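Q: Can you go through this structure with me? I'd like to start with the strands.

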Amino acid sequence: MRIHLSRPVIELLRKSGEEGSPLRRAVEDLWRDPRPADALNTPERPDRYEIFRAGYWIICEIDKSGGETVVRVTAIEAN
């Protein structure tokens with residue numbers, strides 16, 4: 001499994017400093033469980049998940065089309 005971070009996500013995590021450690025941990029946790037029990041999913045986009053952590057929504061997509069699972073973290077938005 002691989003995790004890809006979009007450029008805006010990388011920038012946000014770098015700028016967040018120590019306050020961003022819960023967000024970084026949540027992204028790292030996707031490695032172990034790409035679909036946490038509390039992740040929200042919509043029927044329109046079955047491979048897209050929204051996870052609420054530390055006052056932010058982490059938005060990711062799971063792609064299994066190749067031989068490997070790829071989790072793409074596309075955005076992190078403040079609530």
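Q: How many bridges join β1 to β5, and do they run parallel or antiparallel?
A: This is a predicted model. In it, β1 (residues 2–5) and β5 run parallel, with 4 bridges joining them. Arg2 stands opposite Val70 in β5.

Q: And β4 with β5, parallel or antiparallel?
A: Antiparallel, with 8 bridges. Cys60 stands opposite Val73 in β5.

Q: OK, the core now. Which residues touch the most other members of the largest nonpolar core?
A: Leu30, Ile51, Ile58, Cys60, Val73 and Ile76, out of 15 residues in that core. At least two core residues come from each of α1 (7–15), α2 (21–32), β3 (45–53), β4 (56–63) and β5 (70–78).

Q: Which one gives the largest share?
A: α2, with 4 residues.

Q: Why would nonpolar side chains be together like that?
A: In soluble globular proteins they tend to be buried together.

Q: What does Ile76 touch, leaving out residues up to four places away in sequence?
A: Its contacts are Val9, Leu12, Leu13, Leu23, Val27, Tyr56, Trp57 and Ile58.

Q: Why does Trp57 count as partly exposed?
A: Because its relative accessibility is 24%, and buried would mean under 20%. Phe52 is also partly exposed, at 35% relative accessible area.

How values were computed: Residues are numbered from 1 along each chain as its sequence is written. This is a predicted model: local features need pLDDT of at least 70, side-chain atom pairs count only at pLDDT 80 or more; totals for chains, interfaces and linings use all residues. Side-chain values use heavy atoms; hydrogens and water are left out. A nonpolar core is a set of buried Ala, Val, Leu, Ile, Met, Phe, Trp, Tyr and Cys residues joined through side-chain atoms within 4.5 Å. Buried means under 20% relative accessible area, exposed over 50%, partly exposed in between (1.4 Å probe, protein chains only). Contact means heavy atoms within 4.5 Å. Two strands pair if DSSP finds at least two bridges between them.
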